[in-house]
Amino acid sequence: MHQFEISDLITAVEPESGRRLPVRRAAVIRLLRESGDERGARIVAELPTDRDGVLDPHAVDRLLVSVHTELQRLSEELRIGERLVHVLGPLLTAIRSTGARSGPYRLVDVGCGLGYLVRWLAATNALGADVELVGVDLDAALIGEADRLARAEGLDCRFVHGNAFDLPEAATVYVSTGVLHHFRGPDLADFFRAQAATPAQAFCHFDIAATRVAPIGAWVFHRARMRHPLGRHDGVVSARRAHSDETLLRAASAPGIRPLLYEPRGSANPFCTTLRPVIGVRPHLEAPLRLALGRAARRLLGPEHLAEAAR
């Protein structure tokens, strides 16, 4: 049965304008109960509403900022910044080597939340001075907190409330962490097609590896690190919603994009693999990317390799 993350249900915005829409608590509870998630329904039933039964947007914003603040620990403990640089560094080297354009190169973090990844990259300058760092999210409260943190830390990066694919300045590379499993069915392919339709040269999206131990690991971590029941609930559900390698590569096969998976499930220890990226590059960048990766290029596989392994 289809499972939902509560955080996806308690806020709603118009994709085009970013305008906040009212969410009725009873409607969210009904959807969770219809999916068989009585625990999730009980969590939502505790959230405050106005006299018309609409969830209090200020209370929801405070809750989501709190949960995302705790969730930042996961990114820190899993060393998400280092993992992304391990792949994105060679990817930018490949882009620079083609001579198609000079810097600055623009990295756009889609669904950046509190902007941990962008802020970490800005603090470490791990990608070089010619890379502009931009975080984008449809949630105004999260973007506001990300911007506040960046200013307090004196970091050279910026955050934008809106649609990452409608920015006035084109991205060179799109990235994300923990976003892909939120898209279901045709929405996943649409997500990749939207990037392929831009001038971007590549994307690199980290998400949960769909291993048999992922839900167990998610339960242990979120039980130990998250205080609010919503964070614990959504952490386990997100692991259960993780896409298979085959699903990701099939969805990422957008026009003009060569899809690649780094450390696919069959070539990695399921007890060690938590997140891994699906990468998309313009076809002319695959060879220079493999060259820049060096020996690590053997961990980069396309759809045809997975098909061979399945036979």
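What covers the buried residues of helix 8?

Analyst: The model is a predicted one. The cover over the buried residues of helix 8 includes strand 1 (105–110), strand 4 (173–177), strand 5 (202–208), helix 11 (245–252) and strand 7.

Helix 8 itself spans residues 186–196, and its buried residues are Leu188, Ala189, Phe191, Phe192, Gln195 and Ala196. Looking down the axis of helix 8, these buried residues fall within an arc of 150°, so they line one face of the helix.

Helix 12 covers residues 286–293, where Glu286, Pro288, Leu289 and Leu293 are buried. These four lie on the same side of helix 12 because they cover an arc of only 165° around the axis. Ala287 and Leu291, on the other side of helix 12, are exposed. The buried residues of helix 12 pack against strand 7 (275–281), and also against helix 5 (80–98), strand 6 (258–262) and strand 8 (300–301). After helix 12 comes glycine 294, which has a positive phi, near 65°.

A further part to consider is a pair of helices. Two packed helices are described by the angle between their axes and the distance between the axes. For helix 4 (residues 57–77) and helix 7 (residues 140–152), the axes come within 9 Å and cross at roughly 50°. The crossing of the two, helix 4 and helix 7, is right-handed. On the helix 4 side, the contact is made by Asp61, Leu64, Val65 and His68. Helix 7 contributes Ala141, Leu142 and Glu145 to this contact.

Zero disulfides are found when the whole structure is searched. Cysteine 112 is in no disulfide, and the nearest cysteine sulfur, which belongs to cysteine 157, is 9.4 Å away. A disulfide needs two cysteine sulfur atoms within 2.5 Å. Cysteine 112 has a relative accessible area of 10%, so it is buried, the cut-off being under 20%. Cysteine 204 counts as buried too, because its relative accessibility is 0%.

To return to the part you asked about, helix 8 has its buried residues along one face, and strand 5 and helix 11 are among the elements that cover them.

How values were computed:
Residues numbered from 1 in each chain as written. Predicted model: local features only at pLDDT ≥ 70, side-chain atom pairs only at ≥ 80, totals over all residues. Heavy atoms only, no water. Buried < 20%, exposed > 50% of the residue type's maximum accessible area, 1.4 Å probe, protein only. Arc of directions from axis to C-beta. Contact = heavy atoms within 4.5 Å. Axes fitted to C-alpha atoms, helices over the stretch in contact; angles between N-to-C directions. Left-handed = near helix turned anticlockwise from the far one by under 90°.
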